[in-house]
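Please look over the sequence and the structure shown here, and then read the notes that follow, which are grouped by topic.

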Amino acid sequence: MISRTGCAPSTTRSLLLSPLTTLRVGGPADICAPRTVEELKLLVEWCAETATPWRVLGRGSNLLVCDDGVPGIVIQTRGLDGLAFGEDGEVTAGAGLRTSVLLGRTRERGLGGLECLVGYPATVGGAARMNAGGKWGSTGQRIERVRVVGPGGIVRDLAADECRFAYRSSALAGFVVAEVVFRLPRVDEREYRARIDAIHREKAAAQPLSEPSAGCVFKNPKGASAGMLVDDAGLKGLRVGGAEVSTVHGNFIVNKGGAMASDVHELIDRVREGVERRAGVLLELEVEVWGETSVPARP
C-alpha cells in the first residue's frame, strides 16, 4: 500500500531504467508502482502538492531514456494489471496489463479486433496513449472509454472521442492512464488465431523482434515509409557505439550490446541528416525521449 511520509511515497525505489526499457538503455530514476487506482490517485496528488515532476513507465517500449536518468518520480503501471469481461464484448483492462496478455485472453473468449497489437511489447495504457497500431488498425478504434488520473490526482472517465485518437497520438498526454474499456466484436476463435499467427510471422520476418529496440524510431511521413527512406539513403547497418540501424528494418535502432543512450541519440541525428540530404524529408521522432540530452532540433 502506498502511504505518504511527508517527503515522498514510502514505496519509492531508486533504480536504473535500462533493464526496464526494451532498448536496454537509460540512467537512474525514483520509481513508484501503485497497485490500485486509489494508490495512483494519492501518488499523483502528492506530486502536485510537492511540485514533483512525474512520468509514466509501462513496459518501456517506444522510449529512449538519457544516460543521466530523469528527475522526479517515474510511475510504473505494471501493478495495474486487472482484466474483467462484461456484456456485449465489453472488456476492462488495467493500464499495466501486457498487450500480449490482453490479446490472448480476449481471443480465448472469442473476442477479436485487436490485431493491431500483435508484436507490440507494450502495456494497455501505453498502447492507448500512443494509439499503437499500423496497417492492421489502431488501438483507439476499439476503445470505448479511458479512466485517467489527471493533474492534482483528479480521476476522470474520458469517452473515446475525448481522447482524440490520431496517428501515433492521443489527448492522453498529461494524464496517467489507469484503465481502458474496449468494445470488441465476436469472432471465430480458430480463424482469428490463424490471422494473429500470420501477422506475427509477417512482423517477425520484417522487423528485428529478437533484438533490443524501442520499436519504430520515426513516424512515417505522409505518403511515405520512414523505413524505406532510411533504406534508400543507404543507412541500414550504420553504427555508433553499441547502437545500430537494423539491417532488417531501417526504422529500428537495435542495441547490439553495451549501447548508451548517447550512442542512440547520435545515431538518430545521423539518420535524420542522411535522409534529409537524400530525400529532402526531415523525419519526425515517434520514440519518446526522456531527459535533458535530446536529439538536436533542426529547422
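**Surroundings of Asn255**

Leaving aside neighbours within four places in sequence, Asn255 is in contact with Leu23, Arg24, Val25, Pro212 and Gly242, where contact means heavy atoms within 4.5 Å. This is a predicted model, in which local features need pLDDT of at least 70 and side-chain atom pairs count only at pLDDT 80 or more, while totals for chains, interfaces and linings use all residues. Residues are numbered from 1 along each chain as its sequence is written, and side-chain values use heavy atoms, with hydrogens and water left out.

- Asn255 belongs to strand 16 (residues 252-255); strands (E, at least two residues) and helices (H or I, at least four) are DSSP runs numbered from the N terminus.
- Asn255 counts as buried because its relative accessibility is 10%, the cut-off for buried being under 20% relative accessible area with a 1.4 Å probe, protein chains only.
- The side chain of Asn255 reaches the backbone nitrogen of Ala259 at 3.2 Å.

- Four strands in the order 1-2-5-3 form an open sheet with mixed pairing, where two strands pair if DSSP finds at least two bridges between them.
- Strand 1 (13-16) and strand 3 (54-57) stand at the edges with a single partner strand each, so one side of each is left without a neighbour in the sheet.
- Strand 1 and strand 2 (residues 28-32) run antiparallel and are joined by four bridges, and Leu15 stands opposite Ala29 in strand 2.
- Helix 1 (residues 37-49) packs on the sheet, touching strand 2, strand 3 and strand 5 (73-76).

How values were computed:
Axes are lines fitted to C-alpha atoms, for helices over the stretch in contact, and angles run from 0 to 180 degrees between N-to-C directions. Buried means under 20% relative accessible area, exposed over 50%, partly exposed in between (1.4 Å probe, protein chains only). A polar contact is a pair of N or O atoms within 3.5 Å; within protein, one must be able to donate a hydrogen and the other to accept it, and residues adjacent in sequence count only if both atoms are side-chain atoms.
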